[in-house]
Amino acid sequence: MKKSSKMFLVGFMCISLFGCSNQNPSQAATNNTSTVSNESASDSVPEKTDKNVFYLSDTTDKEEFYLNAISVPSYSPFEISFDNNYSKLTCKLYQLDDKSWKRLQEFDLELSGDTFWFLVKDSLLEATVLYKNVNVEQGYSSISGGRPFETIEPSFGIHGVTSHYATTDKVSVESGVEFPILANIYWKDADKSLEANTEDFYDPNRINLAKNEAYYMLTFTFFE
């Protein structure tokens, strides 16, 4: 299952949910994390009890406003609670090339604990992964870490393109097993309407991209 949305783009915007302006993406992810004091420890623990399941977080109307109204592109929230402690997350960004997924970039994030929240930017041209280690015992809610991928661009540019993204709703996670979390397709033909689907990660051979179409996929792999 997946959640999807469509965006119309006329160019890159340098506004991020966590700030931007004169900072580079790494500084924005690192330095512009907000804090909220006087939060009890119980408020930091997800109510759902499903273990080893990575899922799209339930959000209130207020949270959706914060995630989607501030900038284009917006962020999608995810979370997971394991039954063991995990130490690493590998994030990989792919582009569909001749009916196979070509890896463009990847990086590792250091984890510590069994419960984590994530924010993932919906546009994979500016892919960013931010996370909170929920196991940390403190009276503040803050982003624990994360980083952006290097900015990419389709060969046909981004002016006047249309984009559709889709997120996974729920995935059972095993240590060392890669799975898709967000798919993002771009096209320049105003008469077309294309759809992204995270399930396409498992069967790229059936996808036929035309001229001025580009398809990207973001995956996670957790390690104990």
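**A walk around strand 3**

Of the 22 residues in strand 3 (residues 75–96), 16 are buried, so this strand is largely enclosed by the rest of the structure. Keep in mind as you look that this is a predicted model. Let's follow strand 3 and meet its partners.

Start with strand 2, which covers residues 53–56. Strand 2 and strand 3 run antiparallel and are joined by 2 bridges. To find this pairing on your screen, look for Y55, which stands opposite E79 of strand 3.

What is its relative accessibility?

Now move on to strand 4, made of residues 101–121. Here 17 bridges link strand 3 and strand 4, again in the antiparallel sense. Together, strand 3 and strand 4 form a hairpin, with 4 residues between them. In that turn you can find D98, which has a positive phi of about 55°.

Strand 3 has another partner to visit: strand 10, residues 213–223. How many bridges join strand 3 to strand 10? There are 8, and these two strands run antiparallel as well. To see where they meet, pick out L89 and look across to its bridge partner in strand 10, F222.

Key: Residues numbered from 1 in each chain as written. Predicted model: local features only at pLDDT ≥ 70, side-chain atom pairs only at ≥ 80, totals over all residues. Heavy atoms only, no water. Buried < 20%, exposed > 50% of the residue type's maximum accessible area, 1.4 Å probe, protein only. Pairing = 2+ DSSP bridges.
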